[in-house]
Structures are given as structure tokens and as C-alpha cells.
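Subject: Structure handover

Hello,

I am passing this structure on to you. Please open it first, then read my notes below.

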Amino acid sequence: MPITNSKTVPKAVHFDGKREMTMDQFKEWIKQFDGDADGRISRDELQQAIRSTRAWFPGWKAKRGVKAADANGDGFIDDIITKNYRMPIIYNADRKKGGPDVGKREMTMDEFKVWIMRFDKDKDGRISRDELQQAIRTTGAWFPGWKAKHGLKAADVNGNGFIDDSELESLMEFAENNLRIRKMP
């Protein structure tokens, strides 16, 4: 049964069966699902947005979406509407012709630092193994626990069990090789 309400999917360019829109178009579209007008998107609001696209399993996708995008752990997505958010992903429909960098997230070192520090739950300025595992899990990578263990081992130069600000360059190298992240100049 089709959904009939005023909250419809915006007209956007279709590419390979998927809707493509600019981040501004996406922000405008997602704002209409912010029912309490607090500038944040809850799991229920995201579920409603996903349901409007007629996607399968909107509850599960909303749960995963909030878990991946919730920067401060309060159960809401804050930065889609309020901040200037950049989605650093290269899209290419034909991976066979695209080469080794197709589908990798492109980030500068500063963007990588901001992204990884979103997972610093205790706000001590260091990334623990559990926090790194959570960051790896949001990339959709397989075996996040194993990768977190090896990422910590590769990046933790001083051996204190945490990744400090001075060790983020080493973590970026690990991410380039194992997490489908490409460092931009």
C-alpha cells in the first residue's frame, strides 16, 4: 500500500536505480520529519523518513542509522540539520572499471580527526580499543573487533593502549589499508 502524505521523497536525479541529491536537498528533505522541531532527528523520525522512501526494514535501518550517526550518544542525530556536514563517499556503479579507490570514503586528515573523535565517548582526547571498534563498525567493515585490535596495535606507538592525537597519522594509514578510507591531500 503506497504511503500518501505530504512528506514525500524529493525529486532528485536517479542514477543506477538510486536517488542522488545534494546535501542541502537531503537536509531540506529530512527536516520535514523533525516532528518536534528541535533540530535533531530521533530514531522514530528517521524511521518515518526511511518508510517514506518505501525501503524495506525501516525500523532496523533507522536503528542502525542513529547508531552510526549519533556523535554524542544521546540517541539523536544532531549534525545533519544543524551543522555543515559533508558526506565523504565516492559513488561508482561499476566497481570493476573503477580501480582500487572506488567506494572509498575520501577524507582530509582534519576530517578524519573530527570523524574519529566522534567516538571518544569519555571525552579524554584518546581513542580506546572499544571506541575504535565502534568507529570501525560504523564503516560497515567486517570483523570490527579484530580490526580494532590490529588498528590499535598498528597505531599505538607509545604502547599505552590508547590512540593519542600524535598517533592519529598512524591510524589514518591503517584506515587507508583496512577500512576503505582514502586520505585526501
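Let me start in helix 7, where Glu131 is found. Please keep in mind that this is a predicted model.

Glu131 is buried, yet it has no salt bridge. Which side chain of opposite charge is nearest to Glu131? That is Arg126, 7.6 Å away. A salt bridge needs a side-chain nitrogen within 4 Å of a carboxyl oxygen. Leaving aside residues up to four places away in sequence, Glu131 touches Phe119, Asp120, Lys121, Asp122 and Arg126.

Now the overall layout. The protein has nine helices and four strands. From the N terminus on, the order is β-β-α-α-α-α-α-β-α-α-α-α-β. The protein has 185 residues, and 36% of them count as buried. Take the contacts between residues at least 6 apart in sequence: 49% of these join residues at least 24 apart.

Next, the inside. The largest nonpolar core has 22 residues. Those with the most contacts inside this core are Phe112, Trp115, Ile116, Leu132, Ile163, Leu171 and Ile181. Which elements give two or more residues to this core? They are helix 6 (109-117), helix 7 (129-138), helix 8 (144-155) and helix 9 (168-178). Helix 9 gives the largest share, five residues. There is also a second, separate core of 10 residues. Among its members are Ile30, Phe33, Leu46 and Ala62.

Leu46 brings us to helix 2, which spans residues 43-52. The buried residues of helix 2 are Glu45, Leu46, Gln47, Ala49, Ile50 and Ser52. What do these buried residues pack against? Their partners are helix 1 (23-31) and helix 3. Just after helix 2 comes Arg54, with a positive phi of about 65°.

Last, the surface. Trp56, Phe57 and Trp60 make a nonpolar surface patch of about 470 Å². Trp60 sits in helix 3, residues 58-69. Why does Trp60 count as exposed? Its relative accessibility is 54%, and exposed means over 50%.

Look at Glu131, buried and without a salt bridge. Then look at the patch made by Trp56, Phe57 and Trp60.

Best wishes

Conventions: Residues numbered from 1 in each chain as written. Predicted model: local features only at pLDDT ≥ 70, side-chain atom pairs only at ≥ 80, totals over all residues. Heavy atoms only, no water. Core = buried A, V, L, I, M, F, W, Y, C linked by side-chain atoms within 4.5 Å. Buried < 20%, exposed > 50% of the residue type's maximum accessible area, 1.4 Å probe, protein only. Lys, Arg positive; Asp, Glu negative; His and termini not counted. Contact = heavy atoms within 4.5 Å. Patch = residues over 30% accessible without salt bridge, like charges linked within 9 Å, V, L, I, M, F, W, Y side chains within 5 Å. Areas by Shrake-Rupley, 256 points an atom, 1.4 Å probe, with all protein chains shown as cover.
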